[in-house]
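Hello,

Here is the structure I said I would pass on. Please open it first and read my notes beside it.

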Amino acid sequence: MTSPSQATPTLVTTGANANDQLLYFTSSSLSGSDDCLVFISDRSGHPNLYLKRLPDGEEVQLSANTEGTLKSYVYFNGNPRRGFGKASVSFDAAGRKLYYLQGDDIVCCDLQGNRRVLGRIPADQVTAFTHVSTDGQRLCIPTTDARALEAESFVNDAPNYSVGDGEKKNEVIADKPDYDIDARVQAENLNSYLNVYDTESGGLLKRERVSRAWITHVQFSPVDADVILYNHEWPGDCGIRRMWIWNGREHIRLRQEGDGRSRADWTCHEMWEADGSHIIYHGKYANGLAYVGRVDPQGHAPVEIALPAAYHRYGHFTAGNRHGNWLVSDGYYHPEGAPENENWGGEWICLQQVDWARRQIEWRPLCQHRSIWDCQDSHPHPIFNHADGAVFFTSNASGRRAVYRVAVPD
């Protein structure tokens, strides 16, 4: 069968022999007016932040790292307490300010490259993906007792959870510690912390300890900076322990067993819808079928839509900014009758229009991204621009990572 018609994506970043990538999907990589793109590149010989002004194409280096990659979640074999935190970058798109870790330093950087140190993270902690509030006034940095990631040897392996009949999720994690991290956290009573900082003064506003947890993703509600969505990473009971809300008073589990949901399911990549009314997420049921789901911040009224059996190759879902029922994905979709390549991840950037009430999804393929899912940095992680008129994504189809753009049809 002939593949669906598709657009040709436009190359956005142009570093010769360099590897470029978007920021992590929980942060926009685009300024609020969609005129500037922020990305990570190794073109200086070390990972650093760069700015591309989209109207004229000028590219400018913003950070000044010369110490490699900071050790953190995903970058397990990085340098302890030294280097650029590739997982740490958050972009205040409206305020046009970036926040990231340089070693233990919490750095604020504007789009002219002016930098100042806001504070330091505790020396006995390791970090993960951060988030800045919509109003730009608060920064949340999740930290975990450093013992959680103290490894003497590493493997290229899949996370320590299973999908269906003992089948492991096929994602290769480069240089992963050779033990079950969540099991160590549970056995040794290790803690994570939700650290909330004032972005102007750098003062620590809140520090919430979450016992026996390994937290790697945090996201302020788009409409209430007192409400934080967070996760437990790679838990053995991922179907019920992955997704949580902390509202300053209590911790709310967002997915429960029942109505076809099981602790043996795999659940991941939770994110807010733009109006803060719901959280979307996806994963696989214990029977092997993939699904995409939606739940409100109280854990009420969950809706999950199982995908066709042919849609089994991994991808991510990211919510639109202006259209509440729009998602974009870099995986799962597969044209009927088309052969599959050897990648464990999907091949297509697709728009989804979701009718949650009827549990229906209309898939609209935009283009093939052709990225080889060989490490975290080559995941396409597509995002909409703020106008929902274009999708930006990372791909290493050319042999090096670069950022691409594809238009969303009217």
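Asp-34 is a place to begin: this residue lies in the loop between β2 (20-22) and β3 (36-41). Bear in mind throughout that this is a predicted model. The phi of Asp-34 is near 65 degrees, which is a positive value in a residue that is not glycine. Is Asp-34 buried or exposed? With a relative accessible area of 18%, Asp-34 is buried, because the cut-off for buried is under 20%. Arg-370, in the loop between β30 (360-368) and β31, also has a positive phi without being glycine, in this case near 60 degrees.

Next, the strands. An open sheet is formed by four strands in the order β1-β33-β32-β31, with antiparallel pairing. The edges are taken by β1 (10-11) and β31 (383-384); each has a single partner strand, so one side of each has no neighbour in the sheet. Within this sheet, β32 (residues 390-395) and β33 (residues 402-407) run antiparallel and are joined by six bridges. Val-391 faces Val-406 in β33 across this pairing.

Strand β24 (residues 279-284) deserves a separate look. How many residues of β24 are buried? Six of the six are, so the strand is largely enclosed by the rest of the structure. Both faces are covered: Ile-279, Tyr-281 and Gly-283 are buried on one side, and Ile-280, His-282 and Lys-284 are buried on the other.

β24 pairs with two strands that you can find in the model:
- Strand β23 (residues 266-272) is antiparallel to β24, with five bridges. Here Met-271 stands opposite Ile-280. The hairpin of these two strands has six residues between them, and Gly-276 in that hairpin has a positive phi near 75 degrees.
- Strand β25 (residues 290-295) is antiparallel to β24 as well, with six bridges. Here His-282 stands opposite Val-292. Five residues separate the strands of this hairpin, and Gly-288 in the turn has a positive phi of about 100 degrees.

Now the empty space. Rolling a probe the size of a water molecule over the atoms shows where such space is left. The search of the whole structure gives four cavities of 30 Å³ or more. The second largest cavity holds about 110 Å³. Its lining has 13 residues, and those closest to the centre are Gln-21, Leu-22, Leu-23, Tyr-24 and His-381. By type, the lining divides into six nonpolar, five polar and two charged residues.

Last, the aromatic rings. The count is 27 aromatic pairs. In one of them, the ring centres of Tyr-24 and Phe-25 are 4.8 Å apart and the planes are at 70 degrees, so this pair is edge-to-face. Tyr-24 is buried at 10% relative accessibility, and Phe-25 is buried at 3%. Tyr-333 and Trp-348 also make an edge-to-face pair, with 5.7 Å from centre to centre and 80 degrees between the planes. These two are 15 residues apart and link distant parts of the chain: Tyr-333 is in the loop between β28 (326-329) and β29 (348-355), and Trp-348 is in β29. Tyr-333 is buried at 11%, as is Trp-348 at 2%. Both belong to a cluster linked by ring pairs, whose members include Trp-266, Tyr-311 and Trp-373.

Arg-184 lies over the face of Tyr-179, 3.7 Å from the ring centre, and the charged end of Arg-207 sits over the ring of Tyr-193, 4.0 Å from its centre.

Regards

Methods. Residues numbered from 1 in each chain as written. Predicted model: local features only at pLDDT ≥ 70, side-chain atom pairs only at ≥ 80, totals over all residues. Heavy atoms only, no water. Pairing = 2+ DSSP bridges. Buried < 20%, exposed > 50% of the residue type's maximum accessible area, 1.4 Å probe, protein only. 1 Å grid on protein atoms, 1.4 Å probe; cavity = no way out; pocket = protein on both sides within 12 Å on 5 of 7 lines; lining within 4 Å. Points joined across faces, edges and corners; volume = space filled by probe spheres on them. Nonpolar A, V, L, I, M, F, W, Y, C, P; charged D, E, K, R; others polar. Phe/Tyr/Trp six-rings, centres within 6.5 Å; stacked < 30°, edge-to-face > 60°. Lys NZ or Arg CZ within 6 Å of the ring centre and 35° of its normal.
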